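Biologist: I am new to this structure. Could you walk me through one part of the model?

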Amino acid sequence: MQVLYAFSGSESDDFSKDQRFLLNSIDNMYNLYLLMLSLMIEVQKRAESHLEKTTQKHLATAEEKNPNRKFVNNEVLAMLKNNEQLQAKFEANHINNWELDTEYVDVIFKELLASDIYKEYLETTTTTFNTDRNFIVDVFKEIVAPNDKLYNYLEDKHLTWLDDLPTVNTTILKLLRKVKKDSSAFHFLPKLYKDIEDKEFAIKLFKKTLLNQTALTEEISKKTTNWDSDRIASIDLMLLKMGICEIQSFPSIPTKVTINEYLEVSKEYSTPKSSVFINGILDKLVKEYQTEGKLNKIGRGLM
């Protein structure tokens, strides 16, 4: 959507450069995933370093000499830190930001130390894998994901990362919630594409939407005769073009799935009323296509 929205050419223009940008942005979303995951590991290392310095203080108290190591020994963090496949992926994708930008590791670490969830975690008398996992889920959800300084940092680092961040954070939370003590080393290395068809779908939708802009615009115009075109948000027009293109050109995708998908995207990126507007247009078109026999869907229950 971002690449299509930014595209300013016509149907006859060469958009190979934009296609490369599309694929690069998808690849960079995976780098963002790795970066956020590596941040958790670096915070654990920062905590370990902090404890070592504290125990070596000249006038260390009894508590400082024998600190609570529950966080640094957290089993989920250890699983991430000792995952050789994950470490190899960090190296292959050059995920080394936190070696240079250590202040952001400190920001998260200091916020963690000041949090109630950290204090409550240290006070629990029993330690189980489930306890460790639930704590890390809370840390990521309440401290890492919503951090404003980290948000600004990511905005400066890459053009598309802010749009990708909700998806990446949701993915990490799902994986953290599902991880088990005996989970495979590849649990935290999900595939970027489900399969080759998944990648081909992204490219095909991109191309078909661009190549049929005029026809798609006409379809939208027929259903918005009572609307001032200047009042329709540009992003809503692009979402409608993509939605109509998907309904017309992808027979294996149920229309309900398509409509729900674009409603969710509109809620995230457009105006409060956009989802109602988009739902109305797409629903009218689907009914019209059904009546005219233009809805080419393959398989049972795909209308």
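Predicted model: local features only at pLDDT ≥ 70, side-chain atom pairs only at ≥ 80, totals over all residues.

Biologist: Which residues are buried in helix α10?

Modeller: Leu150, Tyr153 and Leu154 are buried in α10, which covers residues 148-157. Buried means under 20% relative accessible area, exposed over 50% and partly exposed in between (1.4 Å probe, protein chains only). Helices are DSSP runs of H or I with at least four residues, numbered from the N terminus.

Biologist: Why are they on the same side of α10?

Modeller: They lie on the same side because they cover an arc of only 95° around the axis, taken from the directions from the helix axis to the C-beta atoms. In general, an α-helix has 3.6 residues a turn, so residues three or four places apart point the same way.

Biologist: And which exposed residues does the face turned away carry?

Modeller: That face carries Asp148, Lys149 and Asp156.

Biologist: Changing topic, which residues touch the most other members of the largest nonpolar core?

Modeller: Tyr33, Met36, Phe71, Val144, Leu154 and Phe188 do, out of 52 residues in that core. A nonpolar core is a set of buried Ala, Val, Leu, Ile, Met, Phe, Trp, Tyr and Cys residues joined through side-chain atoms within 4.5 Å. Helix α2 gives the most to this core, with 13 residues.

Biologist: What is Leu154 in contact with, beyond four places in sequence?

Modeller: Leu154 is in contact (heavy atoms within 4.5 Å) with Leu32, Leu35, Met36, Trp161, Leu162 and Leu165.

Biologist: How many aromatic pairs does the structure hold?

Modeller: The structure holds 7. Rings of Phe, Tyr and Trp (its six-membered ring) pair if their centres lie within 6.5 Å; planes under 30 degrees apart count as stacked, over 60 as edge-to-face and the rest as tilted. The rings of Trp98 and Tyr153 have centres 5.4 Å apart and planes at 35°, so this pair is tilted. Trp98 lies in helix α6 and Tyr153 in helix α10, so the pair ties together parts that are 55 residues apart in sequence.

Biologist: Is Trp98 buried or exposed?

Modeller: Trp98 counts as buried, at 4% relative accessibility. Tyr153 is buried with a relative accessible area of 5%.

Note on methods. Residues numbered from 1 in each chain as written. Heavy atoms only, no water. Helix = DSSP H or I, 4+ residues; strand = E, 2+ residues; numbered from the N terminus.
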